[in-house]
Structures are given as C-alpha cells and as structure tokens.
Amino acid sequence: MDERSPRLDSLSSRRFPVVVVGAGPAGLTVGNILRAAGLECLVLETESREVIERRPRAGVIEEWAVRGLERRGLARNLLERAGLHTACEFRFGGERYRFSYRELAGSHHWVYPQPSLVTDLVREYADVRRGAVRFGVRDVRLHDLDGGRPSVSYVCPETGRREVVACDFVAGCDGARGVTRAALAPERVRVARHDYGIGWLALLAEAPPSADCVLFGCHPDGFAGQMPRSPEVTRYYLQCPPGDDPDAWPHERVWAELRRRLGAAGAAPIAEGRLIEKRVLDMHDYVTEPMASGRLFLAGDAAHLVAPIAAKGMNLALHDAFLLGDALVARLAEGDDSGLAGYSQECLRRVWDYQEFSQWLSELYHGSAAGDPFRAGTTAARLRRLFSSPAAAAAFAEQYLGTAARY
Ligand SMILES: Cc1cc2nc3c(=O)[nH]c(=O)nc-3n(C[C@H](O)[C@H](O)[C@H](O)COP(=O)(O)OP(=O)(O)OC[C@H]3O[C@@H](n4cnc5c(N)ncnc54)[C@H](O)[C@@H]3O)c2cc1C
C-alpha cells in the first residue's frame with residue numbers, strides 16, 4: 001500500500017460512487033474533479049506511483065486545456081514552470097520557414113512534460129484532496145455494468161486475493177492497453193481504425209533544444225521533428241519503417257539523420273546528447289463510438305488513440321476528463337443526467353476534428369518521403385500554400401492550437 005494514500009483500509013467492504021480505472025492524465029483529472037465536489041471515488045492503477053510519475057510521453061498542452069486545469073485548481077505548478085510557445089518552424093528544401101501561430105490565432109501552446117503533470121495531479125488527488133487510490137493492482141475486471149449493481153474487482157498486490165468494490169459508475173481511463181474498452185458490449189459499439197503504415201523512432205535526448213520552438217523537417221528521406229521539453233531534455237522523432245528495431249538506430253546514425261533531415265540554411269547546429277529513450281511507435285489511430293455503455297464511461301486513450309503526429313492525445317484526454325468529471329458531479333450531487341447523456345457525442349466532435357487534422361498533417365510530414373512523385377508534388381504545394389496564403393495559414397493555426405469556437 002502506498003503510505004501517502006491512507007484511505008485504503010477495508011476497501012473491499014466499501015462502496016464508492018465512482019471507480020476510476022487508470023491513473024493517467026484522464027483518470028487523475030476525473031478523480032480530482034470528483035474530490036473537489038466532496039464526492040468519494042477510488043482510482044485503480046496497475047503501475048506504482050513512482051512509475052506513473054516518471055513515464056515520459058507528451059509535452060505540448062493547448063491553452064484551453066491549461067485554462068480548464070486552472071479552473072479546477074490543477075495548474076499551479078504548470079503555470080509557474082511550463083514554457084510558452086508562440087511559433088513553430090518547418091524545414092524543407094534546405095530552408096527554414098517560421099510559422100508564428102500566435103500572430104494568426106491569438107493563442108499559444110504550453111510545454112510541460114507529462115510526468116510533471118501526472119506528478120502534480122496525483123499529489124493533488126491523493127495527498128491534498130485525500131482521494132483513495134490503489135497502485136499495483138492486477139487483473140482488473142468490470143461486472144454488471146448494465147444492471148443495478150455495478151462493481152469492479154482486482155487482485156490485491158499484497159494479499160493476492162481478489163477484492164470487489166461496488167460502485168454506481170466506472171470511468172474507464174486505462175489508456176490504449178487497458179481493459180475497460182473491451183468491456184463495452186461489442187454489438188453496441190463501433191471501433192473505427194486507421195493505420196498510417198509509418199513508424200516513428202521516438203527519442204529523448206539529454207540535450208538542450210536545438211531551436212527555441214518545435215521543428216518539423218519534411219525531408220525526402222523521411223520526417224524529423226524536434227519538440228523542446230525542458231532546458232536539459234529534448235524530444236526528437238525520426239520517421240522509420242513500422243516495426244523497425246530501435247537497436248538498428250545507434251547514437252551515430254540517429255544524430256546523422258537528425259542533422260540531415262533538420263538541416264537548413266542559417267540554422268543552429270543540432271545539439272547532441274545521450275539518448276535516454278529510444279522506441280519505435282507504429283502510427284495508428286482508433287475511435288470507439290459511443291464512448292459509453294451502461295454504467296461505463298471511457299475517457300482518453302481508452303476511448304480513442306490519435307498518433308502523436310499533431311500532439312493531440314493528452315489534450316483530448318483532458319477534454320474528456322473535464323466533461324466526464326463535471327457530468328458525474330452533476331449526476332451524483334444534483335441528480336442531473338444531461339451531462340452523462342450527452343457525454344460521448346460532446347467528446348467525439350473534438351476527437352474526430354483532431355483525427356482529421358492529424359491525417360492532414362501526416363501527409364504534410366510524410367508525403368515527400370512516400371516514394372511517389374505525385375504525392376511529393378501535392379505535399380510541396382501544401383507546404384507552399386501554408387506560407388503564401390493567409391487563409392490557409394489561419395486555418396492551420398486554428399487546428400494546430402485547437403481554438404475553434406465550436407467542435
Ligand atoms: C511519444 C509520445 C509523445 C506524445 N506527445 C504528446 C503531446 O505532445 N501532446 C499530447 O496531447 N499528447 C501526446 N501524446 C499522447 C499522450 O501521451 C496520451 O494521449 C495520454 O497519455 C493519454 O492519457 P490517458 O490518461 O488517457 O492514458 P494514459 O496516460 O495511458 O494512462 C492510462 C493509465 O492506466 C493504467 N492502466 C493500464 N491498464 C490498466 C488496467 N487494466 N487497470 C488499471 N490501470 C491500468 C496505465 O498504467 C496508465 O497509468 C504522446 C504520446 C506518445 C507515446
């Protein structure tokens with residue numbers, strides 16, 4: 001048992017209005033919203049607290065999401081420490097093209113590493129708002145989601161015994177590899193999938209950023225990207241075949257490819273450093289519709305995966321969590337069902353918009369390396385349009401920042 005989470009004795013005999021499965025950004029945000037309203041909830045997580053606080057992934061957070069966290073008292077550290085980004089830079093044809101999106105859309109991005117956000121959220125949930133949480137649970141199962149007595153069971157890490165927790169609602173926030181999505185009745189849901197047929201070598205380097213903003217290298221040999229994370233750590237991506245072996249990318253090869261694909265006239269040299277993460281991501285998306293069935297409501301990657309092409313996944317997870325947390329509070333505190341009834345539809349409008357933008361952006365990143373002169377030609381036209389048509393640039397800025405008035 002985690003000693004910082006004291007509310008865990010005789011859980012098996014307790015009943016919680018809500019059980020949240022998964023302590024990622026989505027689950028912890030839902031938990032925090034419930035606790036702020038004085039409602040009990042139990043968060044179940046397969047990993048330890050130390051692991052979730054260290055797991056590197058996202059970094060780019062949209063302004064509306066930061067304001068959503070701030071309104072719920074969850075952005076204090078973020079607003080003190082996060083970097084504010086107002087522009088990105090495309091590199092193609094050996095030239096640099098700066099894209100100042102704040103001038104076009106009046107908004108910006110925040111860069112705050114996902115482990116820092118998760119650390120803030122878990123501290124607030126478990127230590128400040130005194131929410132119940134169990135780390136290291138095994139074999140989570142959901143029961144009777146359509147009946148009047150839903151429950152969640154799991155194998156307790158200390159005793160090896162199966163514990164059963166009764167509840168009114170289950171929030172399925174257990175990410176892409178969790179179990180809650182599979183608990184949706186297959187005849188009632190549709191899972192739409194898209195495979196890009198592309199891999200990205202995702203790298204974290206112990207090195208300062210090579211430029212003050214996000215870099216997108218659209219190169220005939222494949223995409224390369226740079227995302228600043230902190231003054232000491234920088235994320236890089238290199239397009240590679242799907243399923244490629246990370247060991248086929250030793251230090252020298254990685255840095256030579258980054259220098260080549262991100263090289264441009266007048267650009268500062270790429271700052272090299274030790275590679276502390278190196279893994280291959282196969283680019284694919286899915287969307288589960290609807291995101292709810294019976295007493296189960298999915299949020300974040302459990303419901304929909306968007307390849308990290310446009311840095312949208314954690315933003316969508318937070319959007320779902322705000323809606324689900326507020327809807328559960330309305331239902332449990334005031335008996336108002338309308339938020340839960342409209343939850344799935346409300347989330348999916350933004351989900352599909354972000355999926356469409358990711359597909360569009362994928363062609364911009366990868367089209368010149370497709371080995372197809374026709375696609376290379378249309379990709380070059382798309383890139384030129386971005387820097388010659390104010391209307392095209394404004395549309396890109398709006399989608400990149402997620403600032404549309406209505407999704
Ligand atoms: C390399 C990379 C870079 C990215 N960059 C960005 C970015 O810049 N911006 C952005 O918006 N998004 C980005 N993303 C996407 C983002 O990381 C995810 O969309 C986000 O983590 C989703 O949050 P979540 O809470 O839904 O799921 P997760 O963060 O996956 O959390 C789910 C939690 O559930 C736990 N769990 C799993 N199975 C079970 C189970 N059976 N029972 C209990 N618990 C379980 C997991 O251990 C985990 O802690 C990136 C992703 C990757 C891989």
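Visitor: How many cavities of 30 Å³ or more does the count come to?

Guide: Happy to start there, and do keep in mind that this is a predicted model. A cavity here is a set of grid points where a 1.4 Å probe fits but cannot get out. By this rule, the number of cavities of 30 Å³ or more is two.

Visitor: Which element gives the largest share of the lining of the second largest pocket?

Guide: That pocket has a volume of about 250 Å³, and 17 residues line it, with Arg81, Tyr112, Pro113, Arg229 and Ser230 nearest its centre. By class, the lining has seven nonpolar, six polar and four charged residues. Two or more lining residues come from each of α4 (76-81), β4 (83-85) and α6 (114-128). The largest share, four residues, is given by α6.

Visitor: Is α8 roughly parallel or antiparallel to α9?

Guide: Two packed helices are described by the angle between their axes and the distance between the axes. Here the axes of α8 (residues 313-334) and α9 (residues 338-366) come within 10 Å and cross at roughly 170°. Angles over 145 degrees count as roughly antiparallel, so α8 is, relative to α9, roughly antiparallel.

Visitor: How many nonpolar, polar and charged residues does the contact of α8 with α9 have?

Guide: On the α8 side, the residues include Leu316, Leu323, Leu324 and Leu328, as well as Asp320 and Arg331. They meet α9 residues, among them Leu340, Tyr343, Glu346, Arg350 and Tyr354. By class, the contact has four charged, two polar and ten nonpolar residues.

Visitor: How many residues apart in sequence are the parts tied together by tyrosine 354 and tyrosine 407?

Guide: The count of aromatic pairs comes to 24. In the pair of tyrosine 354 and tyrosine 407, the ring centres are 5.8 Å apart and the planes lie at 85°, so the pair is edge-to-face. Tyrosine 354 sits in helix α9 and tyrosine 407 in the segment after α11 (390-401), so the parts they tie together are apart in sequence by 53 residues.

Visitor: What is omega for the cis peptide bond that joins glutamate 289 and proline 290?

Guide: Glutamate 289 is in strand β16 (residues 274-289), and proline 290 is in the loop between β16 and β17 (292-293). Beyond its neighbours within four places in sequence, glutamate 289 contacts Arg188, Val189, Arg190, Leu348 and Trp352. Most peptide bonds are trans. The bond joining glutamate 289 and proline 290 is cis, with omega at about -10°.

Visitor: What is phi of aspartate 139 near?

Guide: Aspartate 139 belongs to strand β9 (residues 138-143). Most residues other than glycine have a negative phi. Aspartate 139 has a positive value, near 50°.

Terms used: Residues numbered from 1 in each chain as written. Predicted model: local features only at pLDDT ≥ 70, side-chain atom pairs only at ≥ 80, totals over all residues. Heavy atoms only, no water. 1 Å grid on protein atoms, 1.4 Å probe; cavity = no way out; pocket = protein on both sides within 12 Å on 5 of 7 lines; lining within 4 Å. Points joined across faces, edges and corners; volume = space filled by probe spheres on them. Nonpolar A, V, L, I, M, F, W, Y, C, P; charged D, E, K, R; others polar. Axes fitted to C-alpha atoms, helices over the stretch in contact; angles between N-to-C directions. Parallel < 35°, antiparallel > 145°, perpendicular 65-115°, else oblique. Contact = heavy atoms within 4.5 Å. Phe/Tyr/Trp six-rings, centres within 6.5 Å; stacked < 30°, edge-to-face > 60°.
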